[in-house]
Amino acid sequence: MSTYIPVIGLEIHAELLTESKLFCSCSTEFGGGKNAHCCPGCAAMPGTLPAMNRKAVEFAIKAGYALNCSFNKFSVFDRKNYFYPDLPKAYQNSQLDLPLCINGLVNIEYEIDGVKKSKDIRINRIHLEEDAGKLIHDDLNGVSLADYNRGSIPLIEIVTEPDIGTAEEAKAFVEKISLLLQYAGVCDCKMEQGSLRCDVNISIMKPTDAKFGTRAEIKNLNSIKSIGRAVEYEIYRQERTLEMGGKIIQETRRFDDNKGETRSMRTKENAQDYRYFPDPDILQVNFTDEELESIRKTMPEMPYERLERYKNAYGLSEADSMIIIGQIILSDFYDNAVKKYDNPKSICNFITGEMMRRINLGEISLEDLPFDAGEFALLVQMADTEKVSKNDAKSIFRIMSEKGGNPEKIAKEQGYLITNDTGRVLEVIESVIKNNEKAVSQYKNGDLKVFGFLMGQCSKELKGVCTPKVIKDELENKLSAL
Ligand SMILES: [Zn+2]
C-alpha cells in the first residue's frame, strides 16, 4: 500500500476584514437577521451596477506580500457562471487568467515523532472573488430559503502548487497561512465561523508514473483537525481503490466529520464548464510600481520580524519567542505588557510559565481574559521588585484569572503585600525560636532538616511582611548566634 506517493494541493478561501462588501456598501459583519446586510446590488436586482471596494483589492495585495507573491499589475475580473440560488446573479465574480497575485512561497515547519521538518510550499496564485449566500434547507417542508448576508463578501482564494505530501504538511500549511493572514491584518481566520475554509485536491501516483493520478477534491473543510483526517482517509481510499483494481474518478467529495470518511458529491467541473468571461461592468485593475510599494509600506510587523525583535532586542530564546508569536492575540498581549513594564524577559517568563499553564488547563482563554496587559505587567513588576513574593504572585494571578482585578488591590486584600517591617520579622523569629525549643536544639545538634520546619513557622506569621529570602537569612543569623 505504501508504494504510492500522495500529491496534494490546497485551495484556501479567506474572508477579508473589510467593513463593506466587494461591490456595495453593505456591512460584512458576522450574524445579524436574515438578509439584514443586503441591498439591491448584492441581491442582484436588474439595473444595479458593481463598484469595486478599493480596500478589498489592497487587502488581497497585502495577502500577496505576506505569502511572498509577485503581482499582476494588470488584473481582470471575470464572471464564473453557474446557476444556483446561493448567488442571485447566476454568476460569481472571480478571477481566472489574470489574478492579482502569483508565484508565492510559504515555508512550513512541523514535527513528526520529535523530528523537526521544514518545507517550502509554492503558491500558484491568490485571486479576489465574492462569497456566495447561504441556503437554509431544514424543517421547511421541502422549501429552501436564501440568506444573502454573506453574499458578495470579499474573499481571497489562495491556490497552492501540488507540493504537499502528507496530512501533517497540509495541517502545518493551513496553520501557517492562518498566522500570516492574521498578522497581515486581512483576515481573522476563524475557521469555526467560516472566515477561513479549505478545499483539498488529492491524487496518488507510483514513483515510476510519468504524470499525476486522477484527483478528487474535498470541499469546505472547516477545522485543522478535519483537514488532517480528511487527507488521511482520502489517501487510504484511493490506495485501496487502486489496489482492488478500481479507478479513481475526478469528482468533488464531502468529508463526513462523524464517520471520518469522504463521500462523493458530484463529478468535478472543469474551468470551461463555468464559461468564464471578463465582466464588462467591472473596471480592470492597473497598478504602478509606486502604488504596489505604497501598499507594501502599510504591511504590519510579520511573525518573522517579531521573532527577530524578540530574540535580538528582547533577548528571548527562540523557543519562547515561537510560543508567543504562535498566536497573534498572545503576541499582541505580550507587546502591550512590555509597553507598560519594560522587562521583556520577566514578562515572557510569567506568560510561558504560569499563564500558559492555566491556559492549557482550560482555566482561562486568551480570547476572554478577565484582566488587561497593563494589570498583568503590574503583577510581574510587583514580583520583580519584591513587593510580593514569587509564590504569592502566582496566587494573585489565580485570583485575577478567576475574577479579574487590580493586582495591587488583591495583594493588599489578601495580605500578600511585603511591607519589609524588620522589627516585626525579628519579633516573629524570636518567638518561633522560643516556642520550639526542641526543634532548635535538634538543629544545633546538627539535624539541619528541622530548619524547614522552623522556616515554615516563621513564614506562616510573616505572610506579606517580607520575602522568604529575608526570613531565611534572619533565621539563620539568629540560630547561629545562639
Ligand atoms: Zn449590498
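Two residues are taken to be in contact if their C-beta atoms, placed from the backbone, lie within 7 Å. The model is predicted, so local features need pLDDT of at least 70 and side-chain atom pairs count only at pLDDT 80 or more, while totals for chains, interfaces and linings use all residues. Residues are numbered from 1 along each chain as its sequence is written.

**Exercise 1.** Determine which residues of α8 meet which residues of α9, and how the two axes cross.

*Solution.* Helices are DSSP runs (H or I, at least four residues), numbered from the N terminus. In α8, S346, I347 and F350 meet A377, V380 and D384 of α9. The residues of this contact divide into 4 nonpolar, 1 polar and 1 charged, where Ala, Val, Leu, Ile, Met, Phe, Trp, Tyr, Cys and Pro count as nonpolar, Asp, Glu, Lys and Arg as charged, and the others, Gly among them, as polar. The axes of α8 (residues 344-360) and α9 (residues 373-384), which are lines fitted to C-alpha atoms over the stretch in contact, with angles from 0 to 180 degrees between N-to-C directions, come within 10 Å and cross at roughly 110°. That makes α8 roughly perpendicular (65 to 115 degrees) to α9.

**Exercise 2.** Work out which residues of α5 are buried and why they line one face.

*Solution.* In α5 (residues 303-313), P303, R306 and Y310 are buried, that is, 20 or more other C-beta atoms lie within 10 Å of their own, whereas exposed means 12 or fewer. Seen down the axis, the directions to their C-beta atoms fall within an arc of 60°, so these residues line one face of the helix. The face turned away carries the exposed Y304, E308, N312 and A313. The buried residues pack against α2 (167-184), α6 (318-325) and α7 (328-340).

Notes. Helix = DSSP H or I, 4+ residues; strand = E, 2+ residues; numbered from the N terminus. Parallel < 35°, antiparallel > 145°, perpendicular 65-115°, else oblique.
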